[in-house]
Amino acid sequence: TNVKTYCVDPGTLIKIADLEWYPGTHGFIEEKPPCLAICFENGKIQIMRDEKDTDPVIFDTSLRFLRMKWNHNGSVLAVSGVQYTKSAQGEEKEICLVQFYDPFGQYIRSLKIPGKRITSISWEYSGLRLSLTVDSFIYFANIRQDYKWAFFANDVLLYTYIRPEQAKISLVFWNVKTNERNLK
């Protein structure tokens, strides 16, 4: 099966820099989400629901020398590469970055990494740590997830998260005065 590339102009030949397909081993964040990510040398990424998707998510990272990996449950795509910027003196400068996106191409945040080139990237099983090989070094980064939360009746905090061993959202009701927690 040939996969159609939508983020490259017809007749233009741009090499694929990386390919990552989240297999769904720890479930999906919704039914049939985009999970096949194709990364091109020009910095553009195409995320598809499957190889026949005619309406993929397309976005431009503005990075070069790209690598990417899905986290443990396919909710975050970490994309590493080099961004070219100009210094205040007008000199071109290379910055190593890891950018985080959701499966729909929405930018979450960036992490600046020291060094010249990120050559590989890997998530820990829980999705809370990332390892990177940069030049001749290995870096480890702790990733703080954004949790959805709300207060009830001045004492009860409700927050949600996805447990690494389950494919469903967990709710925690936490009474901040008594420190009692109930997991649902």
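The following questions and answers go through a predicted model of one protein chain.

Trainee: What should I know about the numbering and the model?
Mentor: Residues are numbered from 1 along each chain as its sequence is written. The model is predicted, so to speak of local features requires pLDDT of at least 70 and side-chain atom pairs count only at pLDDT 80 or more, while totals for chains, interfaces and linings use all residues; side-chain values use heavy atoms, leaving out hydrogens and water.

Trainee: How many helices and strands does the protein chain have?
Mentor: Helices (H or I, at least four residues) and strands (E, at least two) are DSSP runs, numbered from the N terminus. On that basis the secondary structure of the protein chain comes to zero helices and 15 strands.

Trainee: What share of the 184 residues is buried?
Mentor: Buried means under 20% relative accessible area, exposed means over 50%, and partly exposed lies in between, with a 1.4 Å probe and protein chains only. Of the 184 residues in the protein chain, the buried share is 38%.

Trainee: Which residues touch the most other members of the largest nonpolar core?
Mentor: A nonpolar core is a set of buried Ala, Val, Leu, Ile, Met, Phe, Trp, Tyr and Cys residues joined through side-chain atoms within 4.5 Å. In soluble globular proteins, nonpolar side chains tend to be buried together. The largest core here has 17 residues, and those that touch the most other members are Ile45, Ile47, Met68, Leu77 and Val79.

Trainee: Which strands each supply at least two residues of this core?
Mentor: The contributors run through the chain from residue 36 in strand E2 (36-40) to residue 101 in strand E7 (92-101). With the others put in, the list is strand E2, strand E3 (44-48), strand E4 (57-60), strand E5 (64-70), strand E6 (77-86) and strand E7.

Trainee: Which residues does a second, separate core include?
Mentor: This core has 15 residues. Among them are Ala78, Ile113, Ile118 and Trp123.

Trainee: Which residues is Ile45 in contact with, leaving aside its neighbours within four places in sequence?
Mentor: Contact means heavy atoms within 4.5 Å. Ile45 belongs to the largest nonpolar core. With those neighbours left aside, its contacts are Ile38, Cys39, Val57, Ile58, Phe59, Thr61, Met68 and Val79.

Trainee: How many disulfides does the structure hold?
Mentor: A disulfide is a covalent bond between the sulfur atoms of two cysteines. Here the test is a pair of cysteine sulfur atoms within 2.5 Å. For Cys96, the nearest cysteine sulfur is that of Cys39, 15 Å away, and Cys96 is in no disulfide. The number in the structure is zero.

Trainee: Is Cys39 buried or exposed?
Mentor: The relative accessibility of Cys39 is 0%, so Cys39 counts as buried.  Cys96, with a relative accessible area of 2%, is likewise buried.

Trainee: Where in the chain are Lys69 and Glu20, whose side chains meet in a salt bridge?
Mentor: A salt bridge is a side-chain nitrogen of Lys or Arg within 4 Å of a carboxyl oxygen of Asp or Glu, and this pair has N to O at 3.7 Å. Lys69 is partly exposed at 31% relative accessible area, whereas Glu20 is buried at 15%. The two are 49 residues apart, with Lys69 in strand E5 and Glu20 in strand E1 (residues 16-21).

Trainee: What is the N to O distance between Arg117 and Glu94?
Mentor: Arg117 lies in the loop between strand E8 (107-113) and strand E9 (118-123), and Glu94 lies in strand E7, 23 residues apart. Arg117 is partly exposed at 26% relative accessibility, and Glu94 is partly exposed at 38%. Their side chains meet in a salt bridge, N to O, at 3.1 Å.

Trainee: What is the phi of Asp135?
Mentor: Most residues other than glycine have a negative phi. Asp135 is found in the loop between strand E10 (129-134) and strand E11 (137-142). Its phi is positive, in a residue other than glycine, and is near 55°.

Trainee: Where is Asn179 found?
Mentor: Asn179 is not a glycine, yet it has a positive phi of about 65°. At 48% relative accessibility, Asn179 counts as partly exposed. Asn179 is found in the loop between strand E14 (169-175) and strand E15 (180-183).
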